[in-house]
Structures are given as C-alpha cells and as structure tokens.
Amino acid sequence: MSLDHSFVGRSYPPTAPYQVGREKIREFATAIGATDPAYHDPEAARSLGHSDVVAPPTFPMVLTMAASRQLIEDPALGIDYTRVVHGDQRFAYTRPVVAGDELVCVNTVEDITSRGGHEFLTTRTDVRTTAGEQVVAVWSKLVVRGEA
Amino acid sequence: MELPTQTFRVTRADLVRYAGASGDFNPIHWSDRTATKVGLPGVIAHGMFTMALVGRAVTTWAGAPDAVVDYGVRFTRPVVVPDDDEGTEIVVTAVVREVTEDGLTRLDVTATCLGEKVLSQARATVRTAI
C-alpha cells in the first residue's frame with residue numbers, strides 16, 4: 001500500500017472546536033514536570049500579560065494528534081498507521097496557547113516523498129481560534145516504513 | 001555561547017502520566033510485550049515527551065515560560081526506558097547560534113541518552129535575550 005501523491009496541497013475541513021481548559025494545561029504541565037507558575041496559576045500568567053494560564057510549547061499536540069485522525073482514517077490517502085514512525089515535529093507560534101482558547105485545526109498535506117522504500121508524509125496543521133486568529137502552525141513528518 | 005547542561009530523569013511512571021495527559025496511548029510506550037514485538041529493545045518514551053522535556057530546557061534557558069516562538073526537532077533514536085526505579089536520563093545542551101536584530105535568540109539544541117543523540121536538527125527560537 002502506498003500514499004496517494006495527488007493529496008499534496010489538499011486541506012481538510014476545520015475540526016470541531018477544542019476548548020482549552022485550565023485544568024488540562026495544568027495536567028499537561030505536571031506530566032512533563034513543568035513547574036513554572038504561569039502554567040498553573042492564572043495570576044502568574046496575567047502578570048505576563050496573558051488572560052489565563054499559558055500552555056507549554058508542545059501542548060498543541062494534544063489537539064493536533066486528535067485532529068490528525070482525519071488523515072489517518074482517510075482510506076483514500078492510504079496511511080498504514082501500523083507502519084508509521086514519527087520523524088519530525090515543529091511548532092511555529094504566533095502567540096502562546098492560553099486557557100479559554102477555542103481552537104480549530106486545519107490539516108494540509110504539504111509533501112509526500114518516497115526514499116529507500118519508505119514514504120514520508122509532511123502535514124501542516126494551522127491551529128486557529130474559532131474567530132479565525134492564527135495561534136500556531138504545527139508540522140509533523142510521518143515516516144511510513146516500507147514492507148521489509 | 002554554550003548554555004548550562006540540563007538533565008531530565010525519565011521513568012515508566014512518567015510515560016504513563018504523559019500518555020494520560022497527552023492522549024497518546026500507543027502501547028509501545030507502556031507495554032514491553034508490544035514494544036519487543038515491533039522490534040524495539042523495550043518500552044520507549046514518546047518522542048513528544050522527549051520534545052516536551054527539551055522544551056522545558058529551552059524555556060528555562062530563555063527565562064520565560066512563554067518565550068518560544070519556533071521549536072522543531074527530528075527524532076533519530078528511541079529513548080529506551082527500563083522498568084526500574086532509575087529509568088533513564090536525557091541530557092540537554094544548547095548553543096546560541098544567532099541573535100537577530102529584532103531580539104530573537106536562535107538555539108541549536110542537543111539531546112542525548114546514554115551518550116547517543118536522540119534528536120537531530122533540534123532548533124528553538126525564543127523572544128528573549130539569553
């Protein structure tokens with residue numbers, strides 16, 4: 001099975017809004033051992049100019065991984081998820097994610113290449129507020145390992 | 001300029017906690033049976049957990065929890081986490097590659113486990129001076 005290269009450039013419809021919760025940010029920060037008060041205490045975050053607690057840099061993965069099911073479960077694109085290895089990951093921020101954000105993800109297939117019997121799928125996920133404000137762009141490169 | 005080394009201990013309990021918080025329940029991160037079946041030496045850390053720990057190092061160097069404007073890595077080698085109290089350790093270092101005219105600091109980051117690089121092309125841009 002291989003990926004359909006004609007999907008390059010294709011965007012999927014925006015995902016259902018994700019409500020960023022204060023407790024979810026605290027839970028995530030605790031799980032990675034991030035103790036900075038701005039991740040836990042709204043007052044500390046406000047003193048930095050944010051409306052509520054700030055999410056650590058890799059927090060958007062909570063949303064974008066769920067959003068990537070759009071691609072993984074698209075039989076036409078043809079990802080065999082049992083062969084997928086995470087290759088690269090990048091976040092480019094317009095502003096930090098904060099509790100209270102209502103975010104949607106727009107997935108775009110940016111690139112598909114084949115090399116050495118493996119396939120490489122680069123996706124870009126634009127994370128925006130429901131009002132259309134860009135918050136962070138997230139790139140993931142997935143390696144679909146060839147059959148040995 | 002080289003920045004102070006930061007180390008992070010990783011145990012199985014950390015992986016379970018991260019799985020719950022992130023929603024990534026792939027069994028290679030908690031089941032030796034599954035991990036060895038797909039050819040791994042044993043349970044490995046989520047790549048995104050390693051990336052999150054390195055992100056902590058970056059925000060610590062930056063001196064601000066909200067300083068990261070760009071952060072990317074390539075996962076090159078799995079972090080194997082033994083089922084014992086010690087787990088393993090990730091060692092993170094960085095050098096300042098560039099300070100831009102508009103005040104951004106670009107870092108080249110290195111993360112190793114047992115002396116081997118686990119990330120490559122790990123780069124972060126923060127909006128603070130370091």
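In this structure, the contact between the chains takes 28 residues from chain A and 24 residues from chain B, where two residues are in contact if their C-beta atoms, placed from the backbone, lie within 7 Å. The model is predicted: local features need pLDDT of at least 70, side-chain atom pairs count only at pLDDT 80 or more, and totals for chains, interfaces and linings use all residues. Residues are numbered from 1 along each chain as its sequence is written, while chains are lettered from A and ligands numbered from 1 in the order in which they are written.

**Where the chains meet**

- On the side of chain A that touches chain B, α1 (22-31), α3 (61-67) and β2 (84-93) each supply at least two residues; helices (H or I, at least four residues) and strands (E, at least two) are DSSP runs, numbered from the N terminus.
- The largest share of that side, eight residues, comes from β2(A).
- The residues of this side of chain A divide into 18 nonpolar, six polar and four charged. Ala, Val, Leu, Ile, Met, Phe, Trp, Tyr, Cys and Pro count as nonpolar, Asp, Glu, Lys and Arg as charged, and the others, Gly among them, as polar.
- β2(A) and strand β2 (residues 68-75) of chain B run antiparallel and are joined by five bridges; two strands pair if DSSP finds at least two bridges between them.
- Within this pairing, A:Ala92 has B:Asp70 of β2(B) as its bridge partner.

**Chain B as a whole**

- Chain B contains three helices and six strands, and their order along the sequence is β-α-α-α-β-β-β-β-β.
- Its radius of gyration is 16 Å, close to the 14 Å that the globule rule gives for 130 residues, so chain B is as compact as a globular protein of that length. The radius is taken over C-alpha atoms, and the rule is 2.2 Å times the number of residues to the power 0.38.
- Buried residues make up 40% of the 130 residues in chain B. A residue is buried if 20 or more other C-beta atoms lie within 10 Å of its own, exposed if 12 or fewer, and partly exposed in between, with C-beta atoms placed from the backbone.

- Helix α3 (residues 47-62) of chain B has 16 residues and reaches 22 Å from its first C-alpha to its last, close to the 22 Å expected at 1.5 Å a residue; the expected span is 1.5 Å times one less than the number of residues.
- Because 15 of its 16 residues are buried, α3(B) is largely enclosed by the rest of the structure.
- The largest nonpolar core has 69 residues, of which A:Ile25, B:Val54, B:Val58, B:Ile90 and B:Val109 touch the most other members. A core is a set of buried Ala, Val, Leu, Ile, Met, Phe, Trp, Tyr and Cys residues joined through C-beta atoms within 7 Å.
- α3(B) gives the most to this core, with 10 residues.
- A second, separate core of six residues includes A:Leu71, A:Ile79, A:Leu121 and A:Leu142.

**Hairpins in chain A**

- Strands β3 (residues 102-115) and β4 (residues 118-129) of chain A pair in the antiparallel sense over 12 bridges.
- These strands form a hairpin with two residues between them, and A:Gly116 in the turn has a positive phi of about 60 degrees.
- β4(A) also pairs in the antiparallel sense with strand β5 (residues 134-144) of chain A, over 10 bridges.
- The hairpin of β4(A) and β5(A) has four residues between the strands, with a positive phi of about 95 degrees at A:Gly132 in the turn.
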